[in-house]
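Hello,

The structure we spoke about is attached below. Please look through it first, then read the notes that follow.

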Amino acid sequence: MGLVWVGELSLRTRWLSVVLRLYGLAKGTLLLFHLLTFTHSCQASERCVNTVGSFVCERTVTCPAGFQLRNQVCEDIDECMVRSHNCGQRFACENTEGSFLCNPKQRCLTGFTQDSHGNCIDMNECSSLSDPCSAGFHCINTVGSYTCQRKVIMCSQGYHSSPDGTRCIDVDECQTGNHGCGEGQICHNLPGSYRCDCQTGYLYDALRQVCSDVNECWSYPGRLCAQTCENSPGSYQCSCTAGFSLAFDGKNCEDLNECDSSPCGQECANIYGSYQCYCRQGFYLKEDGHTCEDIDECSQNIGNLCVFQCVNIPGSYQCACPPNGYTMSTTGHTCRDIDECTTGVHNCSTEQTCFNVQGGYRCLSFSCPPYYRKVSDTRCERSGCPANSVDCQTSPLRITYYQLSFQMNIVIPTQIFRIGPSPAYRGDNIAISITHGNEENYFSTRKLNSFTGAVYLQRQVRQPRDFLIDVEMKLLRQGAFTTFLARIYVFITSNTL
């Protein structure tokens, strides 16, 4: 044994030398230690399994009866397959988890059962089944089955045997319909018999031996119904006239609120026994007494409803203004001009001046001609005429722009502009004339005194129109003439407002 061990040791030593070269000295020393000592740390319930350079401890698995260990897992043993069962020839083996069953190969017919030897014997259903027959029947066993035989009991007239056949019970002739009660009579069951009575609302007629209807409306006049009483077989009914409904007690009449069914086109007022339709403000009730028709306030010319335009709406009206240049006033009847220049809703350029007119605005340009300089937004003064230019020296000393706005319905003639020197001195004398823009002779001038002149609108303007007229004033002062020019924009707007 020692030589074999030494031989084995010498072989392991050579193998170890190869391992040491592969894994290094430290790992080789540990492997050599385990190899030489043949020691391990597995418990008694574990087994030691050698691995390359080491070992592992595997837990020992114990399987219960009917199972076998495979790959450390307990698997069921199929006793039927491996034929380790003890079933006889008349039984078939059926595998179960951890065991098996022996099932008889022969199947018995209905009504038979199998004994311990596999034989089919008759089953007594009368003793094995719970209540095989219904009440009133006896159970009689037969081969493979059983029969139920009714129990016989004798009962007197008006009675019949109970379902279980043990006693006699009363026959309810009223429920089965085996009675002789006539129309209008009520059947009352009695022990072994029955009785016929008249229904409520009927009286027994002994002569004809029938039940006759009682007319409650004639028997109790004025006490049964508040309005109308109608007799019916065995009873009576109360009804009400139009405009009323029968109360919950079935006798009195309550006022019917016809307004709940919305019979009117707009408003409904319930009155006792009827109703009344009426219309809201701005509508009138038609001849049918139910429908409301809108009142067209605009077409009836009820005073001056609107300054510009009246628009009828259901039940009322609204005033409207022109689509551009106006807004509705707080009164809702008149239109107020929008000052586009103040509000900034215009398209005038920065070089132009915005001037508001009725229902719109104008973009005006105030420029000075040659040899004039601009001294304000609307005034130009002559400056620096050439010495040899007679036209320049006789041209107006000052040019001033003005803007005037009037409606077409202005009274004709009317003074629209005054002109004169400022300041005026004693001895001044002026002469005024329109030098440009009055080709159709709408305007005229008049001298009011020696230092004041006026411009008049002397013809009616029939449609909106813009004018630009040049009014020249010649001032005679201290023997010398000085010319001044007023360029006047006159805007005639619509008078519809």
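The disulfide between cysteine 155 and cysteine 168 is left-handed, with -90° about the S-S bond. The sulfur atoms of cysteine 155 and cysteine 168 lie 1.9 Å apart, and a disulfide here is a pair of cysteine sulfur atoms within 2.5 Å. Cysteine 155 sits in the loop between strand E10 (145-150) and strand E11 (159-161), and cysteine 168 in strand E12 (residues 168-170), so the link ties together parts that are 13 residues apart in sequence. Helices (H or I, at least four residues) and strands (E, at least two) are DSSP runs, numbered from the N terminus. Cysteine 155 is partly exposed at 26% relative accessibility, and cysteine 168 is partly exposed at 32%. Buried stands for under 20% relative accessible area, exposed for over 50%, and partly exposed for what is in between (1.4 Å probe, protein chains only).

Before the rest, some notes on the source. This is a predicted model, in which local features need pLDDT of at least 70 and side-chain atom pairs count only at pLDDT 80 or more, while totals for chains, interfaces and linings use all residues. Residues are numbered from 1 along each chain as its sequence is written, and side-chain values use heavy atoms, with hydrogens and water left out.

How many disulfides does a search of the whole structure find? The search gives 23. A disulfide is a covalent bond between the sulfur atoms of two cysteines.

Another of these links joins cysteine 264 and cysteine 277, with 1.8 Å between their sulfur atoms. The link of cysteine 264 and cysteine 277 is left-handed, at -80° about the S-S bond. Cysteine 264 is in the loop between strand E20 (253-255) and strand E21 (267-271), and cysteine 277 is in strand E22 (residues 274-278), 13 residues apart. Cysteine 264 counts as buried because its relative accessibility is 12%. Cysteine 277 is buried too, with a relative accessible area of 3%.

Cysteine 348 and cysteine 363 are also joined by a disulfide (S to S 1.8 Å). The torsion about their S-S bond is about -90°, so this disulfide is left-handed. Cysteine 348 lies in the loop between helix H7 (340-343) and strand E29 (353-357), while cysteine 363 belongs to strand E30 (residues 360-364); the pair therefore ties together parts 15 residues apart in sequence. Is cysteine 348 buried or exposed? Cysteine 348 is buried, at a relative accessible area of 13%, whereas cysteine 363 is partly exposed at 27%.

Cysteine 48 is in no disulfide; the nearest cysteine sulfur, that of cysteine 42, is 4.3 Å away. Cysteine 48 is partly exposed, at 36% relative accessibility.

Now to the strands. Strand E15 (residues 202-205) and strand E16 (residues 210-213) run antiparallel and are joined by four bridges; two strands pair if DSSP finds at least two bridges between them. Leucine 203 is opposite serine 212 of E16. E15 and E16 make a hairpin with four residues between them, and glutamine 209 in the turn has a positive phi of about 60°.

Last, glutamate 381 is found in strand E32 (residues 379-382). Glutamate 381 is partly exposed, with 23% relative accessibility. From glutamate 381 to tyrosine 371 is 10 residues in sequence and 8.5 Å in space, C-alpha to C-alpha. Setting aside neighbours within four places in sequence, glutamate 381 has contacts (heavy atoms within 4.5 Å) with Tyr371, Tyr372, Arg373, Val375, Leu397 and Arg398.

Regards
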